Amino acid sequence: MFSIEQAKQMAAKLKASLALRDHKISYSTALETVSHQLGFRDWNTAAATLPPQISQSQIHFSKPIPILRIFDVRKAQEFYLEFLSFSVEFEHRFEPNLPLYMGITREGLQLHLSEHHGDASPGATIFIPVKNIALLRNELHGKHYGYGRPEIVKQDWGEVMEVHDPFGNRLRFCQS
């Protein structure tokens, strides 16, 4: 994760780089552009969310991004983009017709999907804390997906809803 200071430095570099190409923008426009590149609605949202500068003498972990193994791009798109309503952050192939590595996101949840052998093993379980789990279940039921209609199960630790992708991976949504 980037810090506020790093985002400001990125904006300054963007402004300077564009100025070298005779394309002048204001610093505030550069801040807005950087905030969009980092996935925020605007600079105010980014500034309220990003952490302060991280000391070089401190270890700081960002939230992990799980990598899930996929075997069929069309089935992955149907499940993750159409059924679960994720958006594509990026797609990467070293060359056409080589395996896909794709980043997807929805409401702060980031996942990476990979066709590359060795990136991940099929059959993984991802534990995903969620708020408004009933709203998510109702949204998924409304899509009439032919391969699953997940239900909420009450457990001692909260309400749980498991969704299985076409490759044997489980997304376990939990509301405490």
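Two strands are counted as paired if DSSP finds at least two bridges between them.

**Figure 1. Close-up of the β3 and β4 pair.** Strand β3 (residues 101–106) runs antiparallel to strand β4 (residues 109–114), and six bridges join the two. Among the residues shown, G103 has H112 of β4 as its bridge partner.

Figure 2. With a relative accessibility of 38%, V88 is classed as partly exposed. Beyond its neighbours within four places in sequence, V88 contacts L81, M102, G103 and I104. H112 lies 24 residues from V88 along the chain, and the C-alpha atoms of V88 and H112 are 9.8 Å apart.

Figure 3. When neighbours within four places in sequence are set aside, Y80 contacts L68, S85, F86, I104, L111, L113, D165 and L171.

Figure 4. The side chains of E5 and K8 form a salt bridge with an N to O distance of 4.0 Å. The two residues are three places apart in helix α1 (residues 4–20), so about one helical turn separates E5 from K8. Both partners are partly exposed: the relative accessible area of E5 is 34%, and K8 has a relative accessibility of 32%.

**Figure 5. A salt bridge between a buried and an exposed residue.** D42 and R41 are joined through their side chains at 3.5 Å, N to O. D42 is classed as buried because its relative accessibility, 19%, falls under the 20% limit. R41, at 66%, is classed as exposed, because its value is over 50%.

**Figure 6. The salt bridge of E82 and R74.** The closest N and O atoms of E82 and R74 are 2.8 Å apart in this salt bridge. Each residue is partly exposed, E82 with a relative accessible area of 42% and R74 with a relative accessibility of 45%. Side chains of opposite charge can pair when their charged atoms come close. The structure holds seven salt bridges, including those of E5 with K8, D42 with R41 and E82 with R74.

**Figure 7. Confidence along the protein chain.** The chain has a mean pLDDT of 91, and 97% of its residues reach 70 or more. Confidence is lowest in α1, where the mean is 87, and highest in strand β8 (residues 170–175), where the mean is 97. Where pLDDT is low, the predicted coordinates should not be read in detail.

Note on methods:
Residues numbered from 1 in each chain as written. Predicted model: local features only at pLDDT ≥ 70, side-chain atom pairs only at ≥ 80, totals over all residues. Heavy atoms only, no water. Helix = DSSP H or I, 4+ residues; strand = E, 2+ residues; numbered from the N terminus. Buried < 20%, exposed > 50% of the residue type's maximum accessible area, 1.4 Å probe, protein only. pLDDT = per-residue confidence, 0-100. Contact = heavy atoms within 4.5 Å.
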